[in-house]
Amino acid sequence: MRFAYPDSVTPPLLDVRSLRVRHHLPLDDGGHRLGAPAPDGVDVVVEPGEVVLLLGPSGCGKSTLALAANGLVPQVVGADVGGSVHVGGQDVARSRPPLLTADVAMVFQDPDAQVVTGSVLDEVCFAPENLCLPVADVLARAETALRQVGLWERREDDPAVLSGGGRQRLALACALATDARLLVLDEPTANLDPAGVEEVYAVLRSVAAAGGRGVLLVEHDLDAAVEIADRVVVLDDAGHVATTGPVREVLAGRAELLAELGVWLPTATLAALRLRAAGVAVDRLPLTPAELATVLAGAPSLPAPSPPEPHPPAVLHRPQLPPSAAGDRPAPPVITVEHLTVRRGATTAVDDVSLAVDRGDFLALVGGNGAGKTTLAQVVAGVLRPRRRAVTGTVRVAGLDPRRADPADLTTAVGFVFQNPEHQFVTGRVDDELAHGLRVRGVPDAEVAARVDDVLERFGLADLRDRHPFWLSGGQKRRLSVGTAIVCRPEVLVLDEPTYGQDRERAVELLDLLTTLHDGGTTVVVVSHDMQLVAEHATRVVALADGRVLADGPPAVVLGDDRVLAAAGLRTPPLARATRALPDPAWRAVTRLADLPAPGLATVGA
Amino acid sequence: MTTAAVVDTVAPTGEPATAGPRPGGLGDLRTYNPLVKILGPVPVMVFLVTTRDVLTPALVALAAIAVLAVMGRLRPRVLVAVALGALALCLVMTFSFGLLTDPATVQDTTLLATVGGFDVWSGALATGLATAVRTVALLMLVLLGGLTTSGADFVRALTQQARLPYRIGYAALAALRFVPRFSHELEVIRGAHRVRGVAPGRGPFAAVRRQAGYVVPLLAGGIRHAERVSLAMDARGFGAHPRRTDRVTAPFRVCDVVLLVSFWAGGAGCAVLAALLR
């Protein structure tokens, strides 16, 4: 929706010029030192009707730039700022963030941290009320915004009872109710399950289609974002603009550069790059599963896909087994869950679940928010010890009952890695953190030192051994939390959403680590709703919905079943979406990048 | 979509809606001004503190429970819990205060029994009962407002009538919403520390060491959460202007004045009745 006047008169919705931000990092004496500049000399312009996608590795300053759009950086979050930021022609530095609400609306990553009031309607009215609009206008805006995100019928509800996707749609409604023409979205779907991501993007599509508004979108889930984005700005590690341009030109044309920077690429693009390397002629790199499907269907001849690994490959990795047990009888499962029911308050979180996990499995527990997967994993690992009357059924892990076992014995049987690594840190130094589990078990000091050094070395934490765990970076915290679990050499490693809110580089790093451990014989159980990750790494998938097991089998089977995925609040992984319509049955079974007929592109393949 | 049509579905008059549900009209304590309900009984409470007999606070407590029962629109379970809780508190305090009273002051009363070396004097029990009933009466007066007012309504009344800056009131409301999140986070941290074998064992020392370990992760998470919420509030114009639109008003009406006077009259009535009955 362009205005009639010439472009030179209409200022852009957002005009960022040579922005350079150095955060104030607090020092013990109350002063501060300056962080490395990020972003550093960045120009970004958002015009009406345009969706601009901002990409870059973690630490490049994407979120900082988003917060600078209404002056939260530097006015609320302390920083030294160079360059200029204008919204709708106004200099942000000459205003205050609350006063800019009518020009810039924001949606942040964590839906929980954006709820201020006790009802959906009050929440949407909050911003217009702060802007001192008349009551009738407040209500009119609230209704329009709530209808646009599909929450009008739920206006009386407490935001806490909405799903994650519902709360993030509410945050979007709150942004729309400000009537600001610029929307700034900072990783709006990073904390959501696939159904929630879909809900949020359905709303964003309608906002983009309506025109008039401009959107600055920071997002790492490109499979969802490419469909609505018009232009892309990519930042590098140092916070400079690495490349910028129309979305297809950048993502398809400069895919190798992006992969090098550690930026996610759409799965369809990755797949096409692999195919191209294998000799398949791909003229135009696809960005979406639908485009990839067209490429595959149009290719004159497709080579046979790599034969999928035999499932389960558990037979390949069965170390530490006494020879007698490896004979004619199969080894007993390392985790046995029988008719487990767990109630939490009035709800039944886990409902009559029976499950046997073999040694060497790489099991993925998948399902939407509230499906009971975290509860199940926590009960198995002994993290959650429900009261006797809240639980029925039995759980055995490596012969132990996790509800009763002594923590020292339990850490040898099963290690648990929490979604938030900070929750499990119990000491003030990185090396003490690793040694703690061993000392509790009474391991001799010399051996403790040797094993701690070994893990520090393997996880790249040796230089940080005397740091406080809370002062590590996000990726380092994650590595340390995995380290504390595996230093006790557990037979089973359970991880709760290990890639939640992480960028591609960190996620790949973690998954490589897990694959190494799995190859070494550790049984790995991952709770996740990242479907492509599950498809790439798991040997077995258990889908949960409403606390019940919906499906259990190899990834190709479970992830290929649309009905199961829909019932579990999940979506078909992007690659499977592209291959399902192909005539060749071998190709229809392809769900993993590793299944594609190509040896190389190790730097690109996740 | 026209403004008129929208307003029609939300507030038919287009006027600011009034606080709280109003199904019961004047007979519903929830519809009255929160300041009247919460601050109105204060003079009665001050008077109660000065009494020494049993009858006056007992009458006040009974009257307060009666008002709660008739006008509070509480769920029956809550009402029963309040009544039984009051009774239990009364019994426990009577005996514990009775045992703790200095025997020298009640030497002229009857010795009722000796329990485990403690003498139970009738005078001591009477003093204990008076203290207990007074406490229960104070509690009931607090519950009059406490059980019939939502936090949001109280903050509205404070900002609209008591001229409390809305930034303070709404910041406090937002902080209240942290509580369920923190209790969940604490549960996870406890589980995490337990599986890592932190300070196992029983007894107060192990318990204190365990609790101390929860503080750092809980605070780190809490501060981060609070920072995020405050960024979200700033981005939604919180604090842009000295005032904000009151979509929902907490009116101070004639019936609120009547209620206020009734509180005082009720308190005085109880005192007079107690004097007559004595």
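How many residues of domain 1 of chain B are in contact with domain 2 of chain B? Five residues of domain 1 of chain B contact five residues of domain 2 of chain B, contact being C-beta atoms, placed from the backbone, within 7 Å. On the domain 1 side, three of these residues are nonpolar, two polar and none charged. Here Ala, Val, Leu, Ile, Met, Phe, Trp, Tyr, Cys and Pro count as nonpolar, Asp, Glu, Lys and Arg as charged, and the others, Gly among them, as polar. Domain 1 of chain B spans 3-161 + 250-277, and domain 2 spans 167-235. These bounds come from an automatic or database domain assignment. The C-alpha centres of the two domains lie 33 Å apart.

The model is predicted: local features need pLDDT of at least 70, side-chain atom pairs count only at pLDDT 80 or more, and totals for chains, interfaces and linings use all residues. Residues are numbered from 1 along each chain as its sequence is written, while chains are lettered from A and ligands numbered from 1 in the order in which they are written.

In chain B, helix H4 (residues 55-71) packs against helix H5 (residues 76-100) at an angle of about 170°, with the axes 11 Å apart. H4(B) and H5(B) are therefore roughly antiparallel (angles over 145 degrees). B:Ala61, B:Ile65, B:Leu68 and B:Ala69 of H4(B) meet B:Leu79, B:Val82, B:Ala83 and B:Ala86 of H5(B). Eight residues of this contact are nonpolar, with no polar and no charged ones.

In chain A, A:His339 sits in strand E12 (residues 335-344). Strands are DSSP runs (E, at least two residues), as helices are (H or I, at least four), numbered from the N terminus. A:His339 lies 5.0 Å from A:Val353, C-alpha to C-alpha, across 14 residues of sequence.

Key: Two residues are in contact if their C-beta atoms, placed from the backbone, lie within 7 Å. Axes are lines fitted to C-alpha atoms, for helices over the stretch in contact, and angles run from 0 to 180 degrees between N-to-C directions. Angles under 35 degrees count as roughly parallel, over 145 as roughly antiparallel, 65 to 115 as roughly perpendicular and the rest as oblique.
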